Amino acid sequence: MPPTTTLLTATRAAALFRPPFAASYTQRSVALPLRSRKHAGPIQKRWNSSPVHKKPLSPDEQKFPTQDQLPHVNEEASAMDRILQKEKTCDGQPSSPELEQGSPVEDILKRDKEGLKHMPKVMQDQLKKKPAGSSRSFSTSSRSRQQDMETIGSQDDISAAVLADMIKQVNDEANYQLPEGLKFDMPMLPSEKKTLNFRKRYDSMQDQFTKMLMQDGKLARAQKNMSIILDHLRTSSPPNINPRRPLMGGPPAPQLPLDPVRYLTCIIDSKGIAGGGTAVQIPHPLTLRQRRRAAIKWILDASEKRRDAQLANRVANELVAVAEGRSGVWDRRDQQHKIGISGRANLGLAPRRR
Amino acid sequence: MASSWCWSCLSRLRVTPTPRAILPPQSITPRVASASFHSSAVQYANPTKKKGALVTQKYRQGQTLRRKKKKTTERARPPAVGERKALRKRIVLSNPNALEVEGMQDLSAETMVDSRLRGSVLGLPLPMLDQLRAVQAFKPKQGWSIFRRPGTVLRRDTLEMGRLFEKISGEGSAPEKGKVVKKILTGLKGSGKTVHLLQAMAMGFLKKWVVISVPDARELVSGETSYTPLEGTSPLQYVQPNAVSALLTRTVEANRAVLSSLRVSQTHKALPGLKPSSTLEDLAKLGFQDVAIAWPAFQALWTELTATAAAPGMEKDFVPRPPMVVTVDGLAHWMKESAYRASDYSPIHAHDLVFVKHFLSLLQNGQASLKNGGMVLYATSTSNNPAIYTFEVALEQLAARQAGISPSSPDYPSPEAYSGADERVLELFKPTTGKEPQFELQTLGGLTRDEARGYMEYFARSGLLREEVNETWVGEKWSLSGGGIIGELEKLGRHVRSTAQPVPVSV
């Protein structure tokens, strides 16, 4: 009986295990997941082996499992295809990244003062656009840390992106010509038009509130309750706002009922806590969604103590009470802030979380 | 091959400072004098004994962690009886937060026939709101509560109805004066059937007609009110005195001005307490003061309202009677057997209830009954609606007759064989004979784009809609609402798409 495995399949299988040569070339290549998996997965240790004296990565260098996922099968295939087919040198061999890489124009221009004068106008404009020192390089508002990490890690990418953008602009301007037979611009087809059809039915805050209002997975019912709440906010008299506990942002109080979602957003965002406490009492900023979640939860908890017959009415009355600064939720928020502020002392003690 | 020992077990075998896990605790096995396995000193502290009871491991006791369940908040007392229902049935007609729409006109005898105003929203006159409330023309969940004051769209059907009202009232000497128009309103869910009835009632009040309304047909057949057999009828018929009394109350409340200006002109043997000089309001009051004579009082009131001349000897104060508007909402409930039972426990057909029968008979002999003319509007409903096959067929037949198909034609719809069609329903919907005008089927569709635009502008000008109302936007909403179905348009109009921006919070 002849052997069932052929040589062809065997070589193909071997090709799969070959280390990808483009690993150092592109960020979004097929090589990346393999590399990151090496770091991310549980490390196989042997008891008799010597201990690993590896310096742990600083938080900024670490990769999270969700940060760089495996590319989609199509992406992987297209990347492979591009490497193998498209990027060929003149002799028909697949090019290697080392051959492709040259020194960027910026680097040359840094050295060459004469070239700086004669560089294309587009590049000059780009340089003029951001004079140094006009804006802070850091932000004072709290943002999600995920974004911070992305920007820190990719300073080089930004300059490269700027360059690529400029080049693309120049090329487009140079190459642009009307298609044959057209006097004016190509009319936009409906399929190409960026419509507003892809949009959410509800405001993101309303959506979050509705889902937290949901009991036993009955979303439609929660939506109905939400509409009752919004109608209550719309029809109840404008809130007498306590000056000690003002609502943040939004129009003045008499205008609030006419835009109930805005009203609700103001209530929730005013309650949102900036610092969250953990067991070790190290305050850290919450993201917008987390902040809102905490606020909604407090309001829903407080509404349970009310005596109105309907859930929607209980919540709606509690919301109005919050808007007017009567609710006990405010005390809870103040308490939380106190904890957060006293916990600031601990900030230097512990390393940054995550 | 992997070992059957897991590494944690193996690691425990190593010499550790505290080999407590392997050695049995002292409390169970007494210390033996013999040398231990290990050469090292045994280092474990004596387990602290609890005073009192010996801690023993019980069998058949769960080892899992038990947490206390979160206690549900005990509210002091449940809401009072009827509070929930009152909340559900509450009708709010005004929202003080909404903006007053500038230049909004009231519904009046002039505006209701003005075709230039088509597509605009006309406010219901404020003094009339009490009357409309009395006849229960407003229903909860119709969305009146978000506007400053209630208003309705002047659509094509409304204008046509307005003209009919004008003709029947007979300003000048119109040939239609004193005619009776009988219509059955159908249409998709949310197409405005009930509001059309409301507009009819409002026009009736404007024209000083007498408005008689059955706001929910279901209540008469669902077994909620009392019923008694009516003596001397064959086959036996049943009267619902409390329902009749309630109808009289509503009618008097809403039509007080008209009824108090009319005096009794006939002799009523069933009502010996009635004086010849009393008004029709007094007559109706007799009915709801004494439930036992509610039905005779209603019959007497009907005779008075439809009289064309006074009985001999009572001509002194006779005033010509005004036309009448009769509306019923939810007609399908009257086309089946009711929830009431006869003495032999057989179900009573709705047509055997004398009160129901009275209204239904107006379809066949409306002109004969309403001699002063008027309008009979019966609407079907699509919410809480029974599916009645025979009724559907009857409506199809009606539509076919209106389309000009002869009943003898093979295209004329008829109930399927062995479908158990209700003969009484088919009988009711037969074409009328003699001088009696035919009753019509009116199907309400959607608004036109222009009307929809006027309606959406009303939302925007009330401050409820924060969008730019232009042709494109209205066209989109018109399509989304199934071709201008007004109930769907209302949902789209009140759907808030706020431009709320998240408020940045600094730490």
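Before you start, note that the model is predicted: local features need pLDDT of at least 70, side-chain atom pairs count only at pLDDT 80 or more, and totals for chains, interfaces and linings use all residues. Residues are numbered from 1 along each chain as its sequence is written, while chains are lettered from A and ligands numbered from 1 in the order in which they are written.

**Stop 1: chain B as a whole**

Select chain B. Its secondary structure comes to 16 helices and eleven strands; helices (H or I, at least four residues) and strands (E, at least two) are DSSP runs, numbered from the N terminus. Of its 507 residues, 35% count as buried, where buried asks for 20 or more other C-beta atoms within 10 Å of the residue's own, with C-beta atoms placed from the backbone.

**Stop 2: the open sheet**

Now select the five strands β4, β7, β10, β3 and β11 of chain B. They form an open sheet in the order β4-β7-β10-β3-β11, with parallel pairing. Two strands pair if DSSP finds at least two bridges between them. Which strands are at the edges? They are β4 (210–214) and β11 (440–444) of chain B, each pairing on one side only. Neighbouring strands of this sheet are turned by 20° against each other on average, direction ignored.

Walk across the sheet from β4(B). Five bridges join β4(B) to β7(B), and here B:Ile212 has B:Val326 in β7(B) as its bridge partner. Six bridges join β7(B) to β10(B); look for B:Val328, whose partner in β10(B) is B:Tyr378. Further along, β3 (residues 180–187) of chain B pairs with β11(B) over five bridges, in the parallel sense. There, B:Gly187 stands opposite B:Leu444 in β11(B).

**Stop 3: inside strand β7**

Select residues 324–329 of chain B. Six of the six residues of β7(B) are buried, so this strand is largely enclosed by the rest of the structure. In a regular strand the side chains alternate between the two faces of the sheet. In β7(B), B:Met324, B:Val326 and B:Val328 are buried on one side, and B:Val325, B:Thr327 and B:Asp329 are buried on the other.

**Stop 4: helices across the sheet**

Angles run from 0 to 180 degrees between N-to-C directions, and axes are lines fitted to C-alpha atoms, for helices over the stretch in contact.

**Stop 5: two helix pairs**

Select α7 (residues 241–254) and α10 (residues 294–305) of chain B. Their axes come within 8 Å and cross at roughly 45°. That makes α7(B) oblique to α10(B) (under 35 degrees is roughly parallel, over 145 roughly antiparallel, 65 to 115 roughly perpendicular, and the rest oblique). The residues of this contact divide into seven nonpolar, one polar and no charged; Ala, Val, Leu, Ile, Met, Phe, Trp, Tyr, Cys and Pro count as nonpolar, Asp, Glu, Lys and Arg as charged, and the others, Gly among them, as polar.

Finally, move to chain A and select α10 (residues 204–213) and α11 (residues 219–235). Their axes come within 8 Å and cross at roughly 120°, which makes α10(A) oblique to α11(A). By class, their contact has four nonpolar, four polar and no charged residues.

Key:
Buried ≥ 20, exposed ≤ 12 C-beta atoms within 10 Å, placed from the backbone.
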